[in-house]
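Subject: The structure I promised you

Hi,

Here is the structure we talked about. Have a look at it first, then read on.

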2 protein chains.
Amino acid sequence: MVPSMRFPSLISVCLLFALAAKSSFAETADTPPAAFRQGARVLFQGDSITDGARDRAGKYQDHLLGHGYPFLIAANYGGHFPERKLVFLNRGVSGNKVSDLAARWKQDTIALKPDVLSILIGVNDVWHNLAGNKEIKYAEIEAAYDKLITDAKVAQPNVKIVLCEPFILPGPVTKPRWKEWEAAVKKIQQIVARLGTKHHLPVAHFQKVFDDAQQRTPAEEWLFDGVHPCYAGHQLMADEWVRTVKEAWPN
Amino acid sequence: MVPSMRFPSLISVCLLFALAAKSSFAETADTPPAAFRQGARVLFQGDSITDGARDRAGKYQDHLLGHGYPFLIAANYGGHFPERKLVFLNRGVSGNKVSDLAARWKQDTIALKPDVLSILIGVNDVWHNLAGNKEIKYAEIEAAYDKLITDAKVAQPNVKIVLCEPFILPGPVTKPRWKEWEAAVKKIQQIVARLGTKHHLPVAHFQKVFDDAQQRTPAEEWLFDGVHPCYAGHQLMADEWVRTVKEAWPN
């Protein structure tokens with residue numbers, strides 16, 4: 001009797017192992033985030049990194065999502081799970097600071113009724129002020145960013161908001177005044193972290209992603225000017241964004 | 001002795017099963033095509049579908065690969081395997097026919113010394129001639145396309161050439177004269193198939209991909225005008241392109 005008792009249990013263990021290996025494939029490669037429910041509207045808000053020179057012209061164009069992480073995420077889940085009827089929207093605008101987002105928040109975010117709202121903003125608050133030798137008003141930035149989140153939640157209480165940390169690496173834009181860049185971007189990252197804690201929102205930690213990446217190959221292969229990602233950098237952003245969203249809303 | 005003889009063999013079988021499941025993940029999701037060797041130069045040639053409104057401006061920009069399947073392929077393998085130092089190039093030009101590729105073949109293909117060369121051309125040979133009520137000169141198209149391949153192989157005998165079949169679905173552009181479109185595109189597809197056979201080259205069969213896709217969700221969600229892919233369509237192209245390249249050069 002012993003063998004016949006032990007065979008099935010061994011088979012079960014092996015099958016579980018095989019299934020686990022199989023499901024880990026599905027998890028990481030193919031299953032959409034649970035937040036991407038049937039018909040979910042996924043809106044990417046931000047600056048040039050999100051904008052990606054997206055076409056503003058028309059409906060049904062293939063260039064509406066820009067050349068960047070929103071395109072990678074939309075292509076993957078839109079292409080592989082068409083029956084979900086996911087709607088991907090990009091309203092990133094090149095050059096935007098937090099105050100610019102605030103100025104167009106009503107029509108470009110609230111009116112679009114997103115189910116998932118991704119916000120990546122802040123690097124131009126550093127860039128424009130450093131370039132103009134102006135003081136960076138962190139308290140104002142934090143208050144304005146806070147209001148963006150509050151307004152979005154008031155308008156749509158169930159919206160799932162993903163905060164994205166701004167990031168830099170040494171590059172042509174950032175190297176000449178690297179210490180100032182680094183200190184200022186860190187302060188914006190801290191603002192994003194505080195707002196995440198305050199509003200119970202997940203934060204995509206892109207800085208660590210790029211810090212790790214530049215240990216593998218040179219910084220300019222990820223962020224060609226120290227600020228803007230190359231295609232390889234956009235892939236890392238897409239990966240981290242999806243990981244963050246899956247972790248925040250597992251079901 | 002029987003149980004102890006049989007246990008190890010059962011364990012081996014189960015482990016093989018588990019490893020197979022594991023390696024199928026790596027194969028499909030992560031391993032680059034073997035053709036993407038260290039430092040490989042991968043060039044995408046074609047028309048607007050390849051062009052994707054790519055930026056012509058400069059080096060190290062994030063928009064050089066356009067919004068399309070080349071960007072998806074480059075982001076995936078460039079982002080996940082940076083140590084391979086893969087070089088992705090896009091020289092698709094919107095509106096191009098086979099004769100336009102021929103006119104710029106020397107500088108835009110030969111001079112770039114690709115290790116992997118992808119060609120997607122032909123739909124404008126149909127479109128422009130139908131629109132102008134002109135005869136489509138298939139024999140000339142085939143001869144010109146044949147010369148593109150021959151010239152590329154003469155210049156670089158080890159180049160791995162991937163032929164991509166042009167494709168359409170019913171949409172705003174194609175519906176009004178669908179029968180003519182379908183018949184003409186089919187003839188170009190047959191040309192591509194013949195050239196594939198003649199030169200022993202793999203063909204990415206995009207038409208079947210989109211025929212299958214429109215069984216899942218409406219045609220315009222894949223090719224918004226019947227000719228150009230949306231982001232979801234570009235993902236299917238990227239998948240099929242990679243599958244074709246892996247199958248053609250498994251080692």
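Predicted model: local features only at pLDDT ≥ 70, side-chain atom pairs only at ≥ 80, totals over all residues.

**Chain A**

Chain A is built from 10 helices and five strands. Of its 251 residues, 53% count as buried. If you take the contacts in chain A with a separation of 6 or more, 78% of them come from residues 24 or more positions apart.

What does S1(A) pair with? Strand S2 of chain A (residues 87-90) is one partner, joined in the parallel sense over four bridges. Within that pairing, Leu43(A) has Leu89(A) as its bridge partner. Strand S3 of chain A (residues 116-120) is another partner, and here five bridges link two strands that run parallel. If you want a pair to click on, Gln45(A) stands opposite Ile119(A) in S3(A).

Next, go to helix H6 of chain A, residues 123-131. Which of its residues are buried? They are Val123(A), Asn124(A), Asp125(A), Val126(A), Asn129(A) and Leu130(A). These buried residues pack against three helices of chain A: H4 (98-103), H7 (138-155) and H8 (178-199). After H6(A) comes Asn133(A), a residue with a positive phi, near 50°.

**Chain B**

In chain B, look for the open sheet: five strands in the order S2-S1-S3-S4-S5, with parallel pairing. Which strands sit at the edges? Those are S2 (87-90) and S5 (203-204) of chain B, each of which pairs on one side only. Further in, S3(B) (residues 116-120) and S4(B) (residues 160-164) run parallel and are joined by five bridges. One bridge to spot there is Leu120(B) with its partner Cys164(B) in S4(B). Helix H8 of chain B (residues 178-199) packs on this sheet and touches S4 and S5 of chain B, and its direction makes about 160° with that of S4(B).

H8(B) also packs with helix H6 of chain B (residues 123-131), at an angle of about 145° and with the axes 9 Å apart. The crossing of these two helices, H6(B) and H8(B), is right-handed. On the H6(B) side, the contact is made by Val123(B), Asp125(B), Val126(B), Trp127(B) and Leu130(B). From H8(B) come Glu180(B), Trp181(B), Ala184(B), Val185(B) and Ile188(B). Sorted by class, the residues of this contact between H6(B) and H8(B) are eight nonpolar, no polar and two charged.

**Where the chains meet**

Which residues make the contact? H10(A) supplies Tyr231(A), Ala232(A), His234(A), Gln235(A), Leu236(A) and Asp239(A). H3(B) supplies Phe71(B), Ala74(B), Ala75(B), Asn76(B), Gly78(B), Gly79(B) and His80(B). By class, the contact of H10(A) with H3(B) has six nonpolar, six polar and one charged residues.

Notes: Residues numbered from 1 in each chain as written. Chains lettered and ligands numbered in written order. Heavy atoms only, no water. Contact = heavy atoms within 4.5 Å. Nonpolar A, V, L, I, M, F, W, Y, C, P; charged D, E, K, R; others polar. Pairing = 2+ DSSP bridges. Axes fitted to C-alpha atoms, helices over the stretch in contact; angles between N-to-C directions. Left-handed = near helix turned anticlockwise from the far one by under 90°. Buried < 20%, exposed > 50% of the residue type's maximum accessible area, 1.4 Å probe, protein only.
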